[in-house]
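Subject: Structure handover

Hello,

Here is the structure you asked about. Please open it next to this message and follow along.

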Amino acid sequence: MTTVDRRAFLARTAAVAAVAAAGASAIPGVAWAGGPARFGSGAYVRPRPEALADPTELTLAEAAWMIKNGRLTPLDLVEAYLARIDTYEPVYQAFNTVLADQARAAAKAAGRRRHTGPLHGIPLAIKDNYWTAGVRTTANSHLFQDFVPPYDATAVARLKANGAIVLGKTQMGPLATTRATTPDGRITTVNAWTPTIPGTDPGGSSTGTATSVAGRLATSGTGTQTGGSITAPSNAQNLTGLKPTMGRVSLAGIIPLSYTRDHPGPLARDARDAAIMLTAMAGEDPADPRTQGLPRVPDLVEAATPVYSGRRLRARWSTRVGVLPGYADGTSATALARQAFLSTVDKIDGVRLVDVPLPDEWDLLTGNAFNNVRLPERSEPFMPYLRADLRGFGVSVTGWLQGALLGANEFVTGQRAKLLLLERVLDQVFERCDVVVQTGPVPFDILGLPEIGFPIGFTAAGVPIGTILGGAPYAEDRLLSVVAAYQAVTDWHWRRPPNPPAATALRSAAPAEDRGRLTADDVVAQMQ
C-alpha cells in the first residue's frame, strides 16, 4: 500500500503551480515508452462461461487469459470488435477515426510475436487528444483538424510497448470541454445505454471512449480528466474509470487543457482492467516534470484482486470509508443507490464507514470564484490562435476568452486558495478516513488527487448510476482495493447495454444535426 508524506505532496503541488506560471511545455521531443510494465498472474482471469460465445464480452483480463493460453488470437479479437464497429458505429458515433487496416496488421504481428503481457493483442480506443504517430489527432477542434503527430504520446507509446493495439481515435468534447460534439456544437456520440435518446448525458469530455467501451466496440480505452472527464462518463455508462494522482501518467504528447489539472487515465469495465491499463500507462517520463521523483507505482493489479479468508471476502487493507454530509440523503434513484452502496461496503470485513465533515470554507474554496483560475492555464498556450481567429475555437470559445481576461491578481489568489484547500483536505479529511465518497469530481481535480468512478445501480429507465471515491496522494491502490471488493459482491459492472436493433440502427444513422446542438451558453455551463 502506498504511503506518502502529505506535506511533501503539498509542497510539490505548489511547485507544479509555479512551473505552470513559468509556461513549461508538456510536449516531448520524442515518445518515451520505457520498458514493459510488470504484471503478476492476477492480470489473467479465466473467462466466465457466458462470455465465451462473444470475444467482445470478455474483460481485458479475460481476453488476456484467452490469448495467453492460445484460446483466442489477437486477430480474432480485433475482427470481432471491427465487426461490431461496422454494425453499430453509425448509431454510437464513438470514433473520429477507425484504424481497421492498421489494427489488423498489428494483430497479425502480435500473433507472431512472443507473448509480452496482459495487453498483448488487446484492442484499445484512444481519446483524440492523445498524439498518435501518423494518425490525425484533432481534439475534435478546428484548430487541430489537420494535425498529424510525428510520434505517439508517452501514454500511447507505453500501451503499445506492452502489446496493445490502437483500434481507433474517439470522439470527445471540443478541446476537452464538454460531451462529444462537433466543433460547432452538434451532438455526435450518444450514451450506449440509450442510443436512440441523444439527450441522455453520455458523460464528457471522454465521451467516445466511454461509449466505445460500454458498447463493446473496444476492450478498454484512454481518457483525460480536468473536471470530471473520466469519472463522469464512466458513471454515465456503467464503467470503472480511474483518474490517477497528478503526475502518475505523463501528459507528454497530449493536447493540453489546464497544466495543473489535466490527468490521463483509463476507462475500463472493472477495477482489475483499470489497474492493468494504469500499470502500463504510469511511470516517470523525462519529458514531463510532473512525473519525476514520485513514489513508485505499486502493484495495482494485486490491489484490484479481491481477497478472501476462506470463502469470506475481506478488505485487502483495513479501510475507513469517509462519508461526507448529505451524500446519500433523499429518496431519488441516485440517493437510494448510494444508500445501498454504503450498506454493501459496510458489510465487507475490514471496511468501516466514518462520517467526515466538509473542510472549513469548502463551498468558498471549491466555488467558481477560485475554480475559474484554471481558465488562464487553458488560454495561455492558445493566445496566438485567440489573436488570429476566434472562429477556430468553435462553440467553446467563451472559456478561452474568460481565461484571457482573468487578471493576474485573481490567478495568484486562486492558486493560494488551491493550496489552502489541499492543506485542509489532507488534514481535515484524510486524518479521519482512507478514502472518501464524492458527490462530484471537481474538488479533487483541482487538487490533483486520485479518484475512481464505478457503477452502483440503475434508474427505473435503465440508465446507469455511478459513484466516485477519492483518495490520498498516490493511493490508487487503496481506491482499487475498495472497488474490487465491492465488485466482488455486486454485479452492476457485469451488465452490458443491449445491442441497438437493426431497424433502430438504420433510423439512428442520421446526420449529427438531428441529435441536437450545444450553444455557447450550454458549453459554459458544462465545461470542465
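Buried means under 20% relative accessible area. By that cut-off Asn 140 counts as buried, because its relative accessibility is 7%. Please keep in mind that this is a predicted model.

Asn 140 lies in the loop between S2 and H5. Its phi is positive, about 50°, although Asn 140 is not a glycine. Ala 139 is found in the loop between strand S2 (123-127) and helix H5 (154-161). Ala 139 has a positive phi too, near 50°. Ala 139 is at 1% relative accessibility, so this residue counts as buried.

**Around H6**

The peptide bond from Gly 204 to Ser 205 is cis, with omega near 5°. Ser 205 sits in the loop between strand S3 (165-170) and H6. Helix H6 covers residues 207-214, and eight of its eight residues are buried. Among them are Thr 207, Gly 208, Val 213 and Ala 214. Just after H6 comes Arg 216, with a positive phi of about 60°.

**Helix H3**

H3 runs over residues 74-92. A kink of about 45° lies at Asp 86, shortly before the proline Pro 90. Which residues of H3 are buried? They include Pro 74, Leu 77, Tyr 81, Ile 85, Tyr 88 and Tyr 92. Arg 84 and Glu 89 are also on that list. Just after H3, Gln 93 takes a positive phi of about 50°.

**Asn 371**

Asn 371 is in helix H12 (residues 368-371). Is Asn 371 buried or exposed? Its relative accessible area is 8%, so Asn 371 is buried. The side chains of Asn 371 and Arg 261 are joined by a polar contact of 2.5 Å. Leaving out residues up to four places away in sequence, Asn 371 touches Arg 261, Thr 366, Val 442 and Ile 446.

**Aromatic rings**

How many aromatic pairs are there? The count comes to 16. One cluster is linked by ring pairs: Trp 131, Phe 144, Phe 147, Tyr 151, Phe 382, Tyr 385, Phe 393 and Trp 400. Trp 400 also has a charge over its ring: the charged end of Arg 378, 5.4 Å from the ring centre. Lys 68 lies over the face of Tyr 44, 4.2 Å from the ring centre.

Best wishes

Notes: Residues are numbered from 1 along each chain as its sequence is written. This is a predicted model: local features need pLDDT of at least 70, side-chain atom pairs count only at pLDDT 80 or more; totals for chains, interfaces and linings use all residues. Side-chain values use heavy atoms; hydrogens and water are left out. Rings of Phe, Tyr and Trp (its six-membered ring) pair if their centres lie within 6.5 Å; planes under 30 degrees apart count as stacked, over 60 as edge-to-face and the rest as tilted. A charge sits over a ring if NZ of Lys or CZ of Arg is within 6 Å of the ring centre and within 35 degrees of the ring normal. The bend at a residue is the angle between axes fitted to the seven residues ending there and the seven starting there. Helices (H or I, at least four residues) and strands (E, at least two) are DSSP runs, numbered from the N terminus. Buried means under 20% relative accessible area, exposed over 50%, partly exposed in between (1.4 Å probe, protein chains only). A polar contact is a pair of N or O atoms within 3.5 Å; within protein, one must be able to donate a hydrogen and the other to accept it, and residues adjacent in sequence count only if both atoms are side-chain atoms. Contact means heavy atoms within 4.5 Å.
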